[in-house]
Amino acid sequence: TIVKRDLDKARQTSLLNNSLKDIERLDDLVENMLLATKIENRSYSFPKEDFDFSELVHKISDRLQIHTCDCDQNIETNIQNGVRLSGDPFALASVVTNLLENAVKYSGPCAKVRVGLSKVNGHPFLTVSDNGPGIEDEEKMLIFDKFYRVGDEKVRKTKGTGLGLFIVKEVLQNHDADISVKDNVPQGTIFEVTFS
């Protein structure tokens with residue numbers, strides 16, 4: 001459209017921003033597909049190092065914030081600085097990205113999504129919560145299965161592959177971390193990740 005039409009600067013910028021957003025979404029999609037395949041065929045080694053997990057969570061929250069909402073900040077962060085972790089930064093970045101993207105995707109436009117990181121009993125503790133439609137109790141364990149997606153396929157409005165939470169579960173298992181799913185009040189979902 002930009003090449004074929006003589007558009008004003010504001011329209012060009014809007015189209016370019018939308019294109020960049022879609023490119024980032026496709027990039028995340030490809031990363032998920034590759035990581036899920038490598039995890040499944042056991043060819044991914046999870047190279048671990050000591051790194052600043054707080055910095056990683058900040059960076060991902062900032063990146064996703066840019067594209068989530070025009071009217072108001074909707075990713076609210078409460079990140080304790082200096083929380084360090086021994087793990088695979090690439091794989092754990094995928095965990096944070098998938099949890100945050102899901103929260104944003106299943107919440108309404110401009111709805112608040114909260115991400116928190118602190119130390120509880122000396123261990124890193126990550127939470128991602130939203131005020132979306134929530135997850136039925138019978139689906140809470142199924143959501144971590146490969147390709148499983150919440151709700152009815154015929155009426156679903158959100159895009160996705162059903163790989164995100166499968167990757168989250170596999171990566172966290174490899175890091176001896178636990179994840180739990182709880183109901184938010186008055187509505188929505190809270191994911192809690194506890195590292196040992």
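## Aromatic pairs

A search of the whole structure, which is a predicted model, finds five aromatic pairs. In one of them, the ring centres of tyrosine 44 and phenylalanine 46 are 4.8 Å apart and the planes meet at 85 degrees; because an angle over 60 degrees counts as edge-to-face, this pair is edge-to-face. Tyrosine 44 and phenylalanine 46 are both buried. Ring pairs also join Tyr44 and Phe46 with Phe90 in a cluster.

Another pair consists of phenylalanine 144 and phenylalanine 191, whose ring centres lie 6.5 Å apart with planes at 90 degrees, so the arrangement is again edge-to-face. Phenylalanine 144 belongs to the loop between β5 (123-130) and α4 (164-174), whereas phenylalanine 191 belongs to strand β7 (residues 189-195); the pair therefore ties together parts that are 47 residues apart in sequence. Phenylalanine 144 has a relative accessibility of 6% and so counts as buried. Phenylalanine 191 is buried as well, with a relative accessible area of 7%.

In soluble globular proteins, nonpolar side chains tend to be buried together. Here the largest nonpolar core contains 43 residues, and those with the most contacts inside it are Phe53, Leu92, Leu99, Leu100 and Leu126. Helix α3 (residues 89-106) supplies the largest share of this core, eight residues.

Leucine 92 illustrates these contacts: leaving aside residues up to four places away in sequence, leucine 92 touches Phe51, Phe53, Leu56, Leu85, Gly87, Val171, Leu172, His175 and Phe195.

Key:
Residues are numbered from 1 along each chain as its sequence is written. This is a predicted model: local features need pLDDT of at least 70, side-chain atom pairs count only at pLDDT 80 or more; totals for chains, interfaces and linings use all residues. Side-chain values use heavy atoms; hydrogens and water are left out. Rings of Phe, Tyr and Trp (its six-membered ring) pair if their centres lie within 6.5 Å; planes under 30 degrees apart count as stacked, over 60 as edge-to-face and the rest as tilted. Buried means under 20% relative accessible area, exposed over 50%, partly exposed in between (1.4 Å probe, protein chains only). Helices (H or I, at least four residues) and strands (E, at least two) are DSSP runs, numbered from the N terminus. A nonpolar core is a set of buried Ala, Val, Leu, Ile, Met, Phe, Trp, Tyr and Cys residues joined through side-chain atoms within 4.5 Å. Contact means heavy atoms within 4.5 Å.
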